[in-house]
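Here is a short report on one protein model. Keep the sequence and the 3D view at hand as you read.

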Amino acid sequence: MLIRILFALSVISAVCIAASPCAAETGGAPALVVAETTCEYAVNPVGIDVLRPRFTWVLDAGRRGTMQQAYRVLVAGSPEKLAADAGDLWDSGKVTSDESVNIAYNGKILSSRQQCYWKVQVWDDRGHASPWSKPANFEMGLLEQSEWRGRWIGLGGGKTEFVSPLLRKKFSVAGPVKRATLYAAGIGWSEYYLNGKRIGDAVLDPATTDYDKRVLYVTHDVTKMLKTGDNALGAMLGNGWYCAPPPDKGYADSPRLLLELVVETADGKAQRLSSDETWRATAGPILKNDMWGGESYDARLEKTGWLDATYDDSSWDSAAEKPHPGGRLEAQMIEPIRVNKTLKARKMTNPKPNVYVYDFGQFFGGWAKLKVKGPAGTKVTLKYADTLAPDTGLVDKQAHYQMYKKDGATDYYVLKGDPAGETYEPRFTFHPVQYVQIEGLPTAPAITDLEGRVVYSDVNMAGDFECSNELLNQIHRNCVWTFQNEMYGIELDCLFREHWGWLVTSSDASTLFSRKHIPLFWTKFLDDAKNAQYADGHIPDVVPNYPRKKRFTGDPAFAGNYPLVAWFVYQTYGDRRILEEHYFSMKRWVNYLTTLAKDNLIMEGGYYNDHMVPGEKPGQEKFLSTETSAPMLWSGYYYLGSWIVSQTAKILGHEADAATYGKLADDIRAAMNKKWLRAADHCYANDTLTCNIFSLAMGLVPEENRQNILDHLVDQITKKGRGHLMMGDIGVTCCMDALAALGRPDVLYNAVNTVEFPGWGYMVKQGGTTIWESWSGNVRLTGSFGKGHINSYCEFSMPMFTSVEKLFQNTLAGIDGPRYFGAHLMTPGFREIRIRPQVLGDLTYANAHILTVRGMVAVDWKRNERGITVKATIPVNARAKISIPKLGLHDVLVEENGKPVWRKGAYVGGAEGITAGNDERDDVTFDTGSGTFIFTLKGSDK
């Protein structure tokens, strides 16, 4: 499905307020407008298979504090009927509600391929109606498996494992085309062409799944690409995860295609083209392709003109029918992977004769695009790496040799000898890229002859952070690049070593991922986890559950993240359907853990612990902590999973389950405190940093012990740890989640604002442009990770420690969001927003903005000698509590846009959109509605 999430700060209101009819409201009231609309989180999606699609809209208004009072949604079967305000498919009528997120369609039953057109009108809290939104549309996909009439086809005969097949079909269209839609499932990866032109711009498509359970198909509107008379449809297939060669283990020995092209002509007739043995097939110029080795392309083997209807394919073979992969066909809803950026090389060196090394200055996922000219048969080699060997200046391939094979992350291109020059970039692989070494060029290249192609799932990357501390800014940028490097239709572990997704999402789900608007990504992730669940309820710790990493035992601290992510997504996006679709699977998971538990504790059955705990020196990491009590962590996940199931049951109306699992959570919590709370020592279990912060973050600690344990923890960090967070991924994430909420943001700030080992600043100091798995970076390890194992930055561009993002946007900028760990409730979907900036260290300013389902939330604060100015933007149809730091000043005066709102210790009313003010010791907090507010606080030192 060709989609792109497009939420952003809108200028529509400014245009509408200035012009009729938007401003033409009774009594001259400011306009309320529907600024943006989405269906299933997408703008005008094509080919969806959700039977009751959901609508969301973002509002804009000229008046602060505007709330939606009612809405009306119209869905019609044609643009003409919609324009006439005739909702022949569904007319919701005027519904009194302030809901604007995920409003479910409730009209006539929708059928396959049905085109629907919709719009929405809203009323504000004063009863004023908005204009209708701009017309939007959505189109259904193929809803029944029986509607796929074609057969799975591919290249037959001989050795087909690594070859990239070409498939084509010539066909005729009787007359002018009214509508044409292509539905295609080409796995592992596929590209499609019609009459010589590429269809769409997605790469590495479709997104990977467990093909035994489900196969994603893509939908393309190709109406404008067809012509009356002869046409040619072509496909090129790659291996991807589906038939990955050794050392990986795929699902099959060769890629395959299932395709339906449905054409409606202007005279009302319909024809269908399906994949079958009448298609023609041959091996293409891609001789080898995989995710670890790379791609080998011989341009001399290109089939010139094979995409044209006039091409003679008589020498090709008939396509071979292939076995069905086994999984159910489902529409691809997640954003496709694309080339999202193109980078210019920053430097080129020539370390030895005929060897050239390009440096892009940034580690990223993707490949390089080469311009070259030379004789036919010239073989050019492109070697990718993240580091250079210090003694030679050549790319460092030690990690590639050690982990897999000599030619890991390497592409080969054989020239065809075009006198005008030729261009090459791979199609069916991806690499860890910062340095690209080129060998075999016929002449010396220019620095502009190679470009970096940055590839990741085309999710909405709106939102950012900046402050007066450049080290923190660089750490933030490293987090964003790390995030992009893991987005390949799944949450990729890393760009070279492990091309799969671990379910240990505790760090990334709770931080950077929540700061980017990616509901479709998380929806697919959760579906992958649900599909991986076994009959007894346990979930493997790698999802999708690929053959090579087939896991039959789910660790409580790995797979235990499944309910945590579901609950987090519900709170972030207000998506009740997530809870509905995953409730019974979450319940089965908790029931499975109950079979492992003894006296409400899980003492056996797991293997995971705090991961990558730093040692005293670089290289001394422990793969898993030997001090932190693993059973305590396992039991904690059991507790939180049970609590989430109880809360979900309450929301969905399963009262008996709510009571049962609520009691189970209480019993687990009591058992954990009985077993591991050492009240006299102000600690838990082994008294490690992780044990103590995990207990605080989870909400396990009795109130009377909380402050003592917190004080003890801070003492451990500042004295024993010399201010560093000497913990692995679970402990660090818990710190980011809870320390600021517990009143010690200064501890976090000091731990991050340093370039000493271990820490994020140390990574920056070592030249890192991403966040690593190992705190040490590119050194030979001596700890329990594996003696002599050579780290590589490409192995350790992982989202695990991007949890530091929570310090930036949650704490420093002060935009609160759901907590990942802990039994914590938040109003779902940012309906109620909490902003509380923390002015720490020597920071003089910080600003951030994040995209929510209701629109953009933004904070920008600046400190000066006399006080602070805080600018905050709250989207329409939301309320907020905005705290202005006192900075230790006395007799504070707070003005909003020059008008006093707090004076002499009391709230001063009268400012539009502000309804109350309260003194909260360190802050003055105002209750507001929507709008942009500029607060200025001044005070005295005494």
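Arg-54 has Ala-104 of strand E7 as its bridge partner. Strands here are DSSP runs of type E with at least two residues, helices are H or I runs with at least four, and both are numbered from the N terminus. Strand E3 covers residues 54–61 and pairs with E7 through two bridges, in the antiparallel sense. Two strands count as paired if DSSP finds at least two bridges between them.

This is a predicted model, where local features need pLDDT of at least 70 and side-chain atom pairs count only at pLDDT 80 or more, while totals for chains, interfaces and linings use all residues. Residues are numbered from 1 along each chain as its sequence is written, and side-chain values use heavy atoms, with hydrogens and water left out.

Now widen the view. An open, antiparallel sheet holds three strands in the order E1-E3-E7. Its edge strands are E1 (32–39) and E7 (103–104), and each pairs on one side only.

Arg-54 leads on to another residue. Asp-575 lies in the loop between helix H7 (561–573) and helix H8 (576–596). Is Asp-575 buried or exposed? Asp-575 is buried, because its relative accessible area is 2%; buried means under 20%, exposed over 50% and partly exposed in between, with a 1.4 Å probe and protein chains only.

| Side chain | Partner side chain | Distance |
|---|---|---|
| Asp-575 | Tyr-41 | 2.7 Å |
| Asp-575 | Arg-54 | 2.6 Å |

A polar contact is a pair of N or O atoms within 3.5 Å; within protein, one must be able to donate a hydrogen and the other to accept it, and residues adjacent in sequence count only if both atoms are side-chain atoms. Setting aside neighbours within four places in sequence, Asp-575 is in contact with Tyr-41, Arg-54, Asn-102 and Tyr-570. Contact means heavy atoms within 4.5 Å.

Next comes the nonpolar interior. A nonpolar core is a set of buried Ala, Val, Leu, Ile, Met, Phe, Trp, Tyr and Cys residues joined through side-chain atoms within 4.5 Å. The largest one has 255 residues, and Trp-57 and Trp-760 have the most contacts inside it. Helix H9 (residues 630–652) gives the most to this core, with 13 residues. A second, separate core has 26 residues, among them Val-173 and Leu-257.

Leaving aside neighbours within four places in sequence, Trp-760 has contacts that include Ile-475, Trp-775 and Phe-801.
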